[in-house]
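Here is a short tour for someone meeting this chain for the first time. Have a look at the sequence and the model, then read on.

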Amino acid sequence: MTRENLMKGTTSQEDQWTVQNQCFRIYEIVYRLPPQAQSINFEVLRENHIEYLTESLKQLGRNFYVLDANRPWLCYWIIQSIALLGDCVDDKLENGLIDFLSRCQDQDGGYGGGPGQMPHLATTYAAVNALITVGGQNSLSSINREKLYNFLLRMKDASGGFRMHDGGEVDVRACYTAISVASVLNILDDRLIQNVGDYIVSCQTYEGGIAGEPCSEAHGGYTFCGLAAMVLINEADRLNLPELLNWVMFRQGIEGGFQGRTNKLVDGCYSFWQGAVAAIIQRLHVTVKKQLGLPDTFELDCSTESGNESSDDDGEEVSEGSSSPVDISEPTKGESLSTSAAMGLNNGYDFIKRPTGMKPLFNSMALQQYILLCTQEEAGFRDKPGKRRDHYHTCYVLSGLSVCQHCNKRDADSPPLSRDVMGPYSNLVEPVHPLHNIVLDKYYEAHMFFARA
Ligand SMILES: CC(C)=CCC/C(C)=C/CC/C(C)=C/COP(=O)(O)OP(=O)(O)O
Ligand SMILES: [Zn+2]
């Protein structure tokens, strides 16, 4: 199998077996685990994962002292994983979660790593995403948006970037977490946006990916943060997208998984960080074409594999009836920012409603194989064979699986074809908003709620 075929995603049946054998060779030889012998289980062990996650949530108040400054993250990783698996928790757990996160909310805005801890942008992002994923009036209205806005402004640095916390570091993570929460809570304005694009552009490296800070090494986590933030402020056209695309495509290894940076090992969590970068660029095809100097009329292999088809409940391919005409254009910088914020427009919402105009830019089947064969445990997911499961990897592997399963569709709201889902169609997980990593239905609920708030 050629690398070219792997990257183009044009794997024949024979190619697919080669990828599978590669996975097994990695599984057996590199990580020295017992051979998987005959049966290949491509099934998502949904019930086991849900039980592991629900039990973990119940334990949150007791056994997680070692992650004491990260408890909103644990809430988010667990509740997001459960939502991706199409489930939810009972009222008691939900109320406990809302109550706990309310106690992490600082009196001057933002969320700390635990009750009484100083507010931090990372835990603020985690808490907001978790509360949106829980959803409902009590959860959404528990977020003090006015004070959160003041906290975000206090974290704004003279460079245009954001500081993670009072006196903390300025980096691309801080820019993303600030912009993401401001956008989803509908409090994004020109003061928050000002010069943040300059900071992020200064972090794109000679390799094409984005680093955490200027002059550092490009990395998948920061590349996701930088690109998603640039889309949310409608300045993605300031990045060199063809180089970014080239960089991310070559981060997919022969094992099927993604590495975070050049010459490092693949790791399940990059299924989301890198996979989402590729999926985001699928909706930026007009800008990619422009930056490549191609005429508007040029066909950039633009049709997604699922084209205008949709699937029925069994995943069988069926023809979609007439669909309403959609505007596939990407707004230009000039027509966005100040008007966008002032008019309460939401770039994240416009973005997800825009159809994908390009095929997936990575081999989605190979990544699903890596996820199902190499990262799935009896319950929970891990980085790679030989490592232990944890909630961070469970969340980002499942989020990456969602990106894979849904990246062939033209419209975010339609179900994928069975051929795009590795294993049985019952493996299907919920679609996510690729800019926020929130399950799409929950994102829509929050969008409606905060649009009128
Ligand atoms: C929203 C938010 C807070 C995003 C965080 C994004 C993220 C995952 C950043 C990664 C940071 C980093 C340099 C990890 C390298 O770890 P390593 O050296 O152990 O891993 P590697 O060998 O795979 O590079
Ligand atoms: Zn990882």
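What share of the contacts in the chain between residues at least 6 apart in sequence join residues at least 24 apart? The share is 72%, where a contact means that two C-beta atoms, placed from the backbone, lie within 7 Å.

## The whole chain

This is a predicted model, in which local features need pLDDT of at least 70 and side-chain atom pairs count only at pLDDT 80 or more, while totals for chains, interfaces and linings use all residues. Residues are numbered from 1 along each chain as its sequence is written, and chains are lettered from A and ligands numbered from 1 in the order in which they are written.

You'll find 20 helices and four strands here; these are DSSP runs numbered from the N terminus, with helices being H or I of at least four residues and strands E of at least two. Of the 453 residues, 51% are buried. Buried means 20 or more other C-beta atoms within 10 Å of a residue's own, exposed means 12 or fewer, and partly exposed is in between, with C-beta atoms placed from the backbone.

## Around the ligand

Ligand 1 has 14 residues around it, and the nearest are Arg173, His219, Gly221, Gly260 and Lys264 (a residue is near if its C-beta atom, placed from the backbone, lies within 6 Å). Helix 6 (121-134), helix 9 (172-184) and helix 12 (220-232) each give two or more residues to this shell.

Sorted by class, the shell holds six nonpolar, four polar and four charged residues. Ala, Val, Leu, Ile, Met, Phe, Trp, Tyr, Cys and Pro count as nonpolar, Asp, Glu, Lys and Arg as charged, and the others, Gly among them, as polar.

## Two helix pairs

Take helix 4 (residues 71-84) and helix 5 (residues 91-104): their axes come within 10 Å and cross at roughly 150 degrees. Axes are lines fitted to C-alpha atoms, for helices over the stretch in contact, and angles run from 0 to 180 degrees between N-to-C directions. So helix 4 is roughly antiparallel to helix 5 (over 145 degrees counts as roughly antiparallel, under 35 as roughly parallel, 65 to 115 as roughly perpendicular and the rest as oblique). Pro72, Cys75 and Ile79 of helix 4 make the contact with Leu97, Leu101 and Cys104 of helix 5, and by class that is six nonpolar, no polar and no charged residues.

Now try helix 14 (residues 270-282) and helix 19 (residues 391-406), whose axes are 8 Å apart at an angle of about 25 degrees. That angle is why helix 14 is roughly parallel to helix 19. Helix 14 brings residues including Phe272, Trp273 and Ala276, and helix 19 brings residues including Tyr396, Val397 and Leu401. The classes in this contact are nine nonpolar, four polar and no charged.

Thr375 is in helix 18 (residues 364-375). Is Thr375 buried or exposed? Thr375 is buried, because 28 other C-beta atoms lie within 10 Å. Leaving out residues up to four places away in sequence, Thr375 touches Gly268, Tyr370, Phe381, Arg382, Lys384 and Val397.

Asn195 sits in the loop between helix 10 (190-193) and helix 11 (196-201) and is partly exposed, with 13 other C-beta atoms within 10 Å. Asn437 belongs to the loop between strand 3 (432-433) and strand 4 (438-439) and is buried, with 25 such atoms within 10 Å.
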